Amino acid sequence: MEKINIAIVDDDYLIVTLLKNFFDQRDNLNVVFDSIDGYQLYKHLEDPKNVEELDVLLLDLKMETVGGLDVLEHVKSVKPDLKVVVVSSHYQDNSMGFMLKKGVAAFLPKGISPFDLLDIIDTVNKKGFYFSLPQLDIIREQISTKSPQPVIDEDLELTEREIQIVRLICQQKTAKEIGEMLFITQRTVEGHKNNLFLKIGVKNIVGLVVFALQKKIISLPELSL
């Protein structure tokens, strides 16, 4: 079984310790880094090997040395496709749209069950993002009323196959599942996905979801399938 490599950054030493011990007991998880200091993560990611191996970052928002949003911006500049799960006692519904635009893969309150967190980490690692149905309703309102429209080339047109792949990615299908559904190889799906990122001007799957919603390629009910 291929393990998910996780980093934990939270200013509460007890939470970091408990989560690390909990994750270390799972066969599919590997905690490669943990710290109560965001700057230590910066130093850890100075080594390209450490950047390459990291799959998911669990991140708190409020920390003493450097704020979680600053850490988020830094890690996204180092590894744009890194899946960041924000787990915070400062969770607020009205921040969902903001977090989505920042490229967060999941936004969760600290009171979440550790077993639910395991499932969410697995979903995020496989499919790129996780949002609950209530969160999707909130995102719909915030995207439509508060989030500015991105500047997109008016001449931009997606092919029928690209639209198919965008829709399936938004429905949280993996590259393998998409390949089986469209009778193409997984490598071809990954190639289409990377080309879509370049063509649309986004850096990750979350950006692709925002684009698809704004361009009405997919609706929220379809997104939650």
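Is Lys 216 buried or exposed? Lys 216 is exposed, because its relative accessible area is 75% and exposed means over 50%. This is a predicted model.

## Two loop residues with positive phi

Lys 216 sits in the loop between helix 11 and helix 12 (220–223). Its phi is near 60°. That is a positive value in a residue other than glycine.

Gln 172 is not a glycine either, yet it has a positive phi of about 65°. Its place is the loop between helix 8 and helix 9. Gln 172 is buried, because its relative accessible area is 13% and buried means under 20%.

## The length of helix 10

Helix 10 covers residues 186–200, which makes 15 residues. At 1.5 Å a residue, the helix should span 21 Å.

Just after helix 10 comes Gly 201. This glycine takes a positive phi of about 90°.

Which residues of helix 10 are buried? They are Val 189, Lys 193, Leu 196, Phe 197 and Ile 200. Seen down the axis of helix 10, these buried residues fall within an arc of 100°, so they line one face of the helix.

What covers the buried residues of helix 10? The cover includes helix 8 (160–170), helix 9 (175–182) and helix 11 (205–214). The face turned away from the buried side carries the exposed residues Arg 187 and Leu 198.

How values were computed
Residues numbered from 1 in each chain as written. Predicted model: local features only at pLDDT ≥ 70, side-chain atom pairs only at ≥ 80, totals over all residues. Heavy atoms only, no water. Helix = DSSP H or I, 4+ residues; strand = E, 2+ residues; numbered from the N terminus. Expected span 1.5 Å × (residues − 1). Buried < 20%, exposed > 50% of the residue type's maximum accessible area, 1.4 Å probe, protein only. Arc of directions from axis to C-beta. Contact = heavy atoms within 4.5 Å.
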